[in-house]
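User: Hi! Could you walk me through one part of this model?

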Amino acid sequence: MDRLQAMEIFVAVVEHGGFASAARKLDLSAPVVTRAVAELEARLGVGLLTRTTRKVRVTEAGARYAEDCRRILADVGEAESATSGSRSLVQGTLSVTAPVLFGNLHVTPIVTDYLQRYPDVDAHCVFVDRVVSLIDEGLDVAVRIGELPDSTLRAVAVGRVRRMLVASPAYLARQGRPQRPEDLAEHVLIQPTQVVPYPEWRFAEGGRPLVQRIRPRLRTTTNDAARSAAVSGLGIARLLSYQVADALAGGELLPLLEDFETAPLPVNVVHHQGRHMTQKVRAFVDLAVDGLRANPALR
């Protein structure tokens, strides 16, 4: 078996989480896939995968090698297409990850536009409120909210969002408007635990951090539920500005303690390094960057 085929098999095992699923994807037998990875490990002299009875996981060395394999295979594919004169390079399956509500509101319309423009591409959207590793889970593009750790991935800034306190006019008419973070102790609080998994909210005053311990009456694992509870008049919620933009515009929610907000959070489109991008990824990133930068909810 040649090295490029072995690389393709190894990448499929990493991306699909096992030998059997990779074999089905590539239309090969499971023993062929297993043997190809074993030969790669023997040639390299390092373990690429750890195997248990229930799961296959990529090692640190394997994750680095998988990334290199993706780059090499992408370069080979583009070189062959360029040599053959093919113009139909935007093809295959594109995988995108983003936070749940952000994905529903702002990424899905971009994916829909992308699929309509490029009929030879399928898409897989992974919308979850956790950071998903592009390398470990074999994804192409991520939209990240918040400061980014150093990595080999490329990040393109597309906007920013604020952490905001909001409440309905009915609640404020009933309970009054807090003037300082300390006043929150006298209010009904709604906490989306995916955003802040501990009982305190952070603010800033005059450039100095200010931490307010809270005792939420409602904790919820989804931002949608926290937003709905705030709109219904239950209490004060802390959410990101894009999550409540429509409710603020319609007067269903009002902003609170804006003078005490912390610095806005950056929004980035993250993908594998520039010259190694496939055409399908490059086309999507260009569309996503333009679309998100024009989005008023990210300003």
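Predicted model: local features only at pLDDT ≥ 70, side-chain atom pairs only at ≥ 80, totals over all residues.

User: Great. Which helix is glutamine 243 found in?

Analyst: Glutamine 243 sits in helix H8, which covers residues 241-249.

User: And is glutamine 243 buried or exposed?

Analyst: Buried: its relative accessibility is 3%, and the cut-off for buried is under 20%.

User: What is glutamine 243 in contact with, leaving aside neighbours within four places in sequence?

Analyst: Glutamine 243 then contacts Leu101, Asn223 and Arg227.

User: Which other residues of H8 are buried?

Analyst: Besides Gln243, the buried residues of H8 are Ser241, Tyr242, Val244 and Ala247. The cover over them includes helix H5 (100-117), helix H7 (223-231) and strands S5 (141-145), S6 (154-161), S7 and S12.

User: Switching to the sheet, what is the order of its strands?

Analyst: This open sheet of five strands runs S11-S8-S12-S7-S13, and the pairing is mixed. S11 (218-220) and S13 (254-256) are the edge strands, each pairing on one side only. On average, neighbouring strands are turned by 35 degrees against each other, direction ignored.

User: How many bridges join S8 to S12?

Analyst: Two, between parallel strands: S8 spans residues 189-192 and S12 spans residues 236-240. Leucine 189 has isoleucine 236 in S12 as its bridge partner.

User: Where does H8 touch the sheet?

Analyst: H8 packs on it through strand S7 (163-167), S12 and S13, and the direction of H8 makes about 120 degrees with that of S12.

User: Last one: what is the phi of glycine 251?

Analyst: Glycine 251 follows H8 and has a positive phi, near 80 degrees.

Note on methods
Residues numbered from 1 in each chain as written. Heavy atoms only, no water. Helix = DSSP H or I, 4+ residues; strand = E, 2+ residues; numbered from the N terminus. Buried < 20%, exposed > 50% of the residue type's maximum accessible area, 1.4 Å probe, protein only. Contact = heavy atoms within 4.5 Å. Pairing = 2+ DSSP bridges. Axes fitted to C-alpha atoms, helices over the stretch in contact; angles between N-to-C directions.
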